[in-house]
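Student: I would like to go through this model by asking, for each label, what value and what cut-off stand behind the label.

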Amino acid sequence: MIWDAAIVGGGPAGAAAAFRLAQAGQRTILFEREAGPRHKVCGEFISVEAAAHLTSLGLTPERLGAVPIHHVRLIQGERTATATLPFPAFSLSRDVMDEALLKAAAAQGAEIRRASVIRGLTEDDNGVTLRADDSIRARTAFLATGKHELRGHRRPPGAINDLIGFKLHLTLAPAQAAVLEHHVEVLLFPGGYAGLQRIPGGHANLCLVIEKRVHDTLDRDWDALVDYLARHSAIFAERLAGAESHWPKPLSIYGIPYGFVHRQDSPARRLHRLGDQLAVIPSFCGDGIAIALHSAALAVDRHLAGQPPLDGAAFEQQIRAATLLARAARHPVLQSLATTACRLSPALLRTMATATRIRGGLPPLR
């Protein structure tokens, strides 16, 4: 059997592409390496664009139990700056969202193969061959492996490549959970930044990135890293005081190519890159899920129209602005200046939030 489309990766980009392809009558197969729902290193922030795409797939944030977010609070040392977000936003655990998207794609007729690892992918004039336990032939393939690489299709370095990412779900002390209600907090500390927000179930998601060289000075120890954050902000230390971890240790990932934008080297290729395989926005900006869903919609439209695969040009301006902000967010002097400026003028925070959103509006929704 020759499939119309084969998708590698069952995260937001891959699952959304599978939904749209199957909905359009394409014989679609998706390969997901995990056997069941899994957490991913992610800030779990659902921007207005991401919410619109989920809604177009019949999965409104409210239906998925997402927590509304109305405000952003910047923390640097003992300074804070708070602003109302210029758009509606939500918080939702990735294991919940990813699983809902895969089930929605299956309901449209896509075949979902779980616990299936693709070991290689080759293209020829007539289609694509994927190597798993057996060989699969498809007319077109969609690469949606997120932050992970597929052998033979590794991304080149990004503009920032030296950050380690961590994620941990927590139960905060009641008083601290109340302070966090409807807020996403961004902590700036020397060598990195962290995000903290409520998630469904009354819990909180802590996600951070830190320079490898700084992490090395902490003996690569998680408890030492948490102490490091607390030393640089009594506010954040208070936020985490009495918190209970849901996992024995945090999830982690290294070598994320922040600022990477894919360039299509040949219009005749049959491989569409989606999400982080197309463009990687620094997590500081909270638009990674939106890019994943948006790129899936764009790529499917191009495939159905018989057009060559998408490159990352559609996201380049957004990625460039986000990368500049992410660089500044790592340096103490710039952190202090930015927090003071945002405290004096909360509109500056709203401007930064708007500057790193997807450009050009959403594609037509089928």
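Student: Why is phenylalanine 284 called partly exposed?

Tutor: In this predicted model, phenylalanine 284 has a relative accessible area of 22%, and because buried means under 20%, exposed over 50% and partly exposed in between (with a 1.4 Å probe and protein chains only), phenylalanine 284 counts as partly exposed. Being a predicted model, it is read with a pLDDT of at least 70 for local features and of 80 or more for side-chain atom pairs, while totals for chains, interfaces and linings use all residues. Residues are numbered from 1 along each chain as its sequence is written, and side-chain values use heavy atoms, with hydrogens and water left out.

Student: What makes tyrosine 193 buried?

Tutor: Tyrosine 193 is buried because its relative accessible area is 4%, and the limit for that word is under 20%.

Student: Why is the pair of tyrosine 193 and phenylalanine 284 named as it is, by its rings and planes?

Tutor: The ring centres of tyrosine 193 and phenylalanine 284 are 5.2 Å apart and the planes stand at 75°, so the pair is edge-to-face. The rule is that rings of Phe, Tyr and Trp (its six-membered ring) pair if their centres lie within 6.5 Å, with planes under 30 degrees apart counted as stacked, over 60 as edge-to-face and the rest as tilted. This pair links distant parts of the chain, tyrosine 193 being in strand 12 (residues 192–199) and phenylalanine 284 in the loop between strand 16 and helix 8, 91 residues apart; helices (H or I, at least four residues) and strands (E, at least two) are DSSP runs, numbered from the N terminus.

Student: How many aromatic pairs does this rule give?

Tutor: The count comes to three aromatic pairs. One of them joins phenylalanine 189 and tyrosine 228, whose ring centres are 6.0 Å apart and whose planes are at 90°, so that pair is edge-to-face. Phenylalanine 189 lies in strand 11 (residues 183–189) and tyrosine 228 in helix 6 (residues 222–232), so the pair ties together parts that are 39 residues apart in sequence. Phenylalanine 189 is buried, with a relative accessible area of 0%, and tyrosine 228, at 9%, also counts as buried.

Student: What does tyrosine 258 touch, and where does tyrosine 258 lie?

Tutor: Tyrosine 258 is placed in the loop between strand 15 (251–254) and strand 16 (271–273), and is buried because its relative accessible area is 3%. Leaving out residues up to four places away in sequence, its contacts (heavy atoms within 4.5 Å) include Tyr193, Gly158, Leu163 and Val280. The C-alpha atoms of tyrosine 258 and glycine 158 are separated by 5.2 Å, although these residues are 100 apart along the chain.

Student: Why can strand 10 be described as largely enclosed?

Tutor: Strand 10 (residues 163–171) has eight of its nine residues buried, so it is largely enclosed by the rest of the structure. Two strands pair if DSSP finds at least two bridges between them; strand 10 and strand 13 (residues 203–211) run antiparallel over eight bridges, four bridges join strand 10 to strand 15 in the antiparallel sense, and two join it to strand 14 (residues 244–245), again antiparallel. Lysine 167 stands opposite cysteine 207 in strand 13 and opposite leucine 251 in strand 15.

Student: How do you know that glutamate 44 and lysine 167 form a salt bridge?

Tutor: The closest N and O atoms of glutamate 44 and lysine 167 are 2.4 Å apart, and a salt bridge is a side-chain nitrogen of Lys or Arg within 4 Å of a carboxyl oxygen of Asp or Glu. The pair links distant parts of the chain, with glutamate 44 in the loop between strand 2 (28–31) and strand 3 and lysine 167 in strand 10, 123 residues apart. Both glutamate 44 and lysine 167 are buried.
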